[in-house]
Amino acid sequence: MAPWDSHFNVSQSRDPIMGSFHFVCILAITVRSMAKFSDELGSTVDYSNRNLTNVPKDLPPRTKTLNLSQNSIPELRMTDISFLSELRALILSHNRIRRLDFGVFKFNRYLEYLDVSHNQMRSVSCCPLVSLRHLDLSFNDFDVLPVSKDFGNLTHLSFLGLSAARFRQLDLLPVAHLHLNYILLDLVGYRVKEGETESLQVLNTNVLHLFFHPNSLFSVQVNISVNTLGCLQLSNIKLNDENCQQLITLLLELTRGPALLNLTLHHVETNWKCLVTLFRSLWPQAVEYLNIYNLTIVESINTENFTHSETALKGLKIEHVTIQVFIFSKEALYSVFAKMNIGRLTISDTPFIHMLCPQLPSSFVFLNFTQNVFTDSVFQGCSTLQRLETLILQRNGLKNLLKVGLMTKYMFSLETLDVSLNSLDSHAYEGTCTWAESILVLNLSSNVLTDSVFRCLPPKVKVLDLHNNRITSIPHKITKLEALQELNVAANSLTDLPGCEAFSSLSVLVIDHNSVSHPSAEFFQSCQNIRSIRAGNNPFQCTCELREFVKSLGQIPSAVVEGWPGSYTCDYPESTKGTPLQDFRVSPLSCDTVLLTVTVGASVLVLAATVAFLCLYFDLPWYLRMLCQWTQTRRRARNTPLEELQRDLRFHAFVSYSEHDSAWVKNELLPNLEKDDIRVCLHERNFVPGKSIVENIIHSIEKSYKSVFVLSPHFIQSEWCHYELYFAHHSLFHKGSDNLILILLEPIQQDTIPSRYHKLRALMAQRTYLEWPVEKSKRGLFWANLRASFITKAVLVDEDNVKT
């Protein structure tokens with residue numbers, strides 16, 4: 001708790017209202033007195049409201065601020081705080097301390113703030129403590145003001161709070177030479193014999209604050225004279241017809257000085273007649289600002305004569321009014337305020353339902369009617385507020401935006417209008433809205449306005465606040481706001497950033513907390529004058545559309561984009577949720593349709609070219625034709641009668657060779673095989689007339705136990721030989737056995753084998769062939785190896801079904 005917070009809490013023996021106002025009144029001066037060392041309060045210990053009866057012993061030695069308020073501590077001893085050598089602020093308010101000896105602070109030479117208010121002290125003994133700036137001894141049980149000559153040594157003292165049951169004229173003489181800024185005098189326990197009058201001279205202070213008993217009628221028998229006084233505050237004033245003049249007499253006495261500019265009354269209970277009398281008495285005085293907080297009007301409200309004479313008063317502020325009169329003339333109440341010849345009037349937090357238009361040209365330049373019950377009828381047709389510059393109607397019952405505009409029709413000097421926190425609705429007005437052309441600042445926030453509000457706005461407005469409404473978009477057809485410099489549309493339902501076609505001078509845009517998912521990067525192109533943008537806390541969709549916007553943000557100085565990068569995060573897709581926009585990355589290829597089309601098209605062309613090349617290189621069409629023919633032959637085989645399929649093998653070997661090698665086959669190969677009863681199938685003698693060549697090849701290979709291929713350079717140049725090798729190889733995998741025998745008749749270079757003969761290339765690379773030797777001496781081994789391939793002869797069936 002901060003040191004000044006103790007005044008907000010009150011003891012059970014004091015009225016809560018009194019403590020509350022005590023807090024309000026000294027808050028400003030306390031902040032000022034603490035400001036000089038607040039940065040140094042690095043260590044704060046708060047033991048407030050702990051039911052303590054003693055100061056804790058385990059306090060950190062480096063404590064700078066110690067709060068012990070609202071406990072039951074009866075006394076303060078040197079041993080309690082002597083070890084706190086760096087202590088700057090000590091709060092002991094609302095305890096049970098009866099006596100205080102300033103000698104206990106002997107070792108606390110840096111102590112600047114001491115609050116022992118709201119205790120039960122009757123005496124203090126003071127010794128020099130020159131570091132004190134704030135000393136509060138108010139709301140105690142002193143008989144007289146506890147100001148001894150030692151107080152004169154407190155040369156840095158700025159705030160002094162005191163209390164006493166009676167006064168002596170020179171009680172404050174010991175501090176007369178000090179430059180006190182604030183003196184608080186607690187008169188709650190003040191008492192004096194009937195008919196006696198006391199005097200008190202307050203020599204030097206800027207602010208004098210007097211607290212009276214909250215539950216007793218105002219009564220004072222003390223003449224207080226002040227040499228210099230800038231601000232006078234009185235708290236807890238309860239008036240009726242009998243004691244009203246006592247207050248006026250006191251005020252006239254205290255306000256005689258020309259330096260008194262500010263008079264503040266807190267917690268005032270009075271009747272209407274006394275209040276008007278108070279106004280009448282203060283009007284000719286030198287006071288410039290009159291403030292009344294927590295005003296309660298009782299008894300009756302009748303018409304009172306109030307002639308508004310020439311006055312130095314510049315402003316009247318009345319906040320939080322309670323009217324305990326239920327039947328009264330509204331004219332009697334409102335006319336008093338409407339006729340005031342002052343520049344500034346504030347009446348807020350009251351049950352006022354209306355305010356009259358002044359009958360004569362008014363001197364009002366500032367009117368603040370926040371938190372009343374005003375309706376759209378207020379100031380309608382009012383032509384006497386031509387000097388009015390600022391009008392505040394926050395938190396009222398306004399509903400019709402068109403009538404609000406009409407209200408300002410004759411306010412020719414109006415520059416600032418605040419109608420926020422009402423129930424204003426902007427229906428689709430087809431006609432022209434009427435506004436005072438002088439309006440520069442317009443606050444329409446926290447209403448129920450929709451998109452149509454942009455068709456009904458002052459044409460020369462520079463600052464427009466529309467946050468927290470129901471705006472979903474900015475229509476294309478709107479009032480041209482060429483002078484608009486600042487636009488606040490936060491907390492609406494906008495889905496995109498507005499362009500500057502209608503806002504050519506826009507320099508500040510606030511559009512956070514909307515529904516902007518993929519803002520257009522064109523905003524920065526159309527809004528060249530933008531100097532500040534706040535667009536964070538929106539549901540950004542981190543897709544391709546957002547890439548250009550993020551890129552544009554990256555090119556703008558960070559001082560222009562408020563909240564960057566912390567409040568700019570991805571919301572969709574789920575995989576990117578929470579990712580800062582500055583870290584969002586997406587492939588350029590996936591976002592550029594033209595580039596993607598070109599890339600895919602190029603890839604397809606490359607793939608097609610590659611496939612075409614491979615097809616040509618490996619002669620894929622040839623293989624497809626062979627596969628087609630093989631499939632057709634197999635299909636015809638399936639349609640062959642079952643008895644034909646059950647026939648056995650007819651040949652031991654099918655021989656495939658080139659016509660150029662036929663002499664070797666007939667002169668060498670056949671004689672050596674057939675002499676061992678190996679039946680050989682040759683195409684020229686065993687192919688069935690009438691069948692196609694392909695069918696004959698397939699039929700011969702299927703009816704042969706082995707397939708012998710005579711390889712030579714002539715063989716690889718023969719397409720029919722390649723067919724026979726292809727079908728034989730296919731039969732190999734179909735039957736699951738090794739039925740190929742390769743005879744290399746002449747050497748063949750690998751690079752001369754066509755690419756489509758990839759199987760032949762593979763077989764020769766593995767050297768799975770018999771090579772015909774040139775030397776005759778080696779031919780015997782060759783024939784032996786070849787006959788070994790037929791060592792297990794298959795059972796054959798001849799044409800007459802006779803087994804061999």
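Colleague: Is C357 buried, exposed or partly exposed?
Modeller: In this predicted model, C357 counts as partly exposed, at 31% relative accessibility.

Colleague: Which cysteine does C357 pair with?
Modeller: C357 forms a disulfide with C382, with the sulfur atoms 2.0 Å apart. The torsion about that S-S bond is 75°, a right-handed link. C357 sits in the loop between β17 (344-348) and β18 (366-368), and C382 in the loop between β18 and β19 (390-392), so the bond ties together parts 25 residues apart in sequence.

Colleague: And C382, buried or exposed?
Modeller: C382 is buried, with a relative accessible area of 2%.

Colleague: How many disulfides are there in the whole structure?
Modeller: A search of the whole structure gives 5. One of them joins C244 and C274, whose sulfur atoms are 2.1 Å apart. C244 belongs to helix α3 (residues 244-254) and C274 to helix α4 (residues 272-282), so this pair links parts 30 residues apart in sequence.

Colleague: What is the handedness of the C244 and C274 disulfide?
Modeller: The torsion about its S-S bond is about 95°, so the disulfide is right-handed. Both C244 and C274 are buried.

Colleague: Changing topic, what is the sulfur separation for C500 and C527?
Modeller: The sulfur atoms of C500 and C527 are 1.8 Å apart, and the two residues form a disulfide. With 105° about the S-S bond, this link is right-handed.

Colleague: Where do C500 and C527 lie?
Modeller: C500 lies in the loop between β23 (486-488) and β24 (508-510), while C527 lies in the loop between α7 (522-526) and β25 (532-534). Both C500 and C527 are buried.

Key
Residues are numbered from 1 along each chain as its sequence is written. This is a predicted model: local features need pLDDT of at least 70, side-chain atom pairs count only at pLDDT 80 or more; totals for chains, interfaces and linings use all residues. Side-chain values use heavy atoms; hydrogens and water are left out. A disulfide is a pair of cysteine sulfur atoms within 2.5 Å. Helices (H or I, at least four residues) and strands (E, at least two) are DSSP runs, numbered from the N terminus. Buried means under 20% relative accessible area, exposed over 50%, partly exposed in between (1.4 Å probe, protein chains only).
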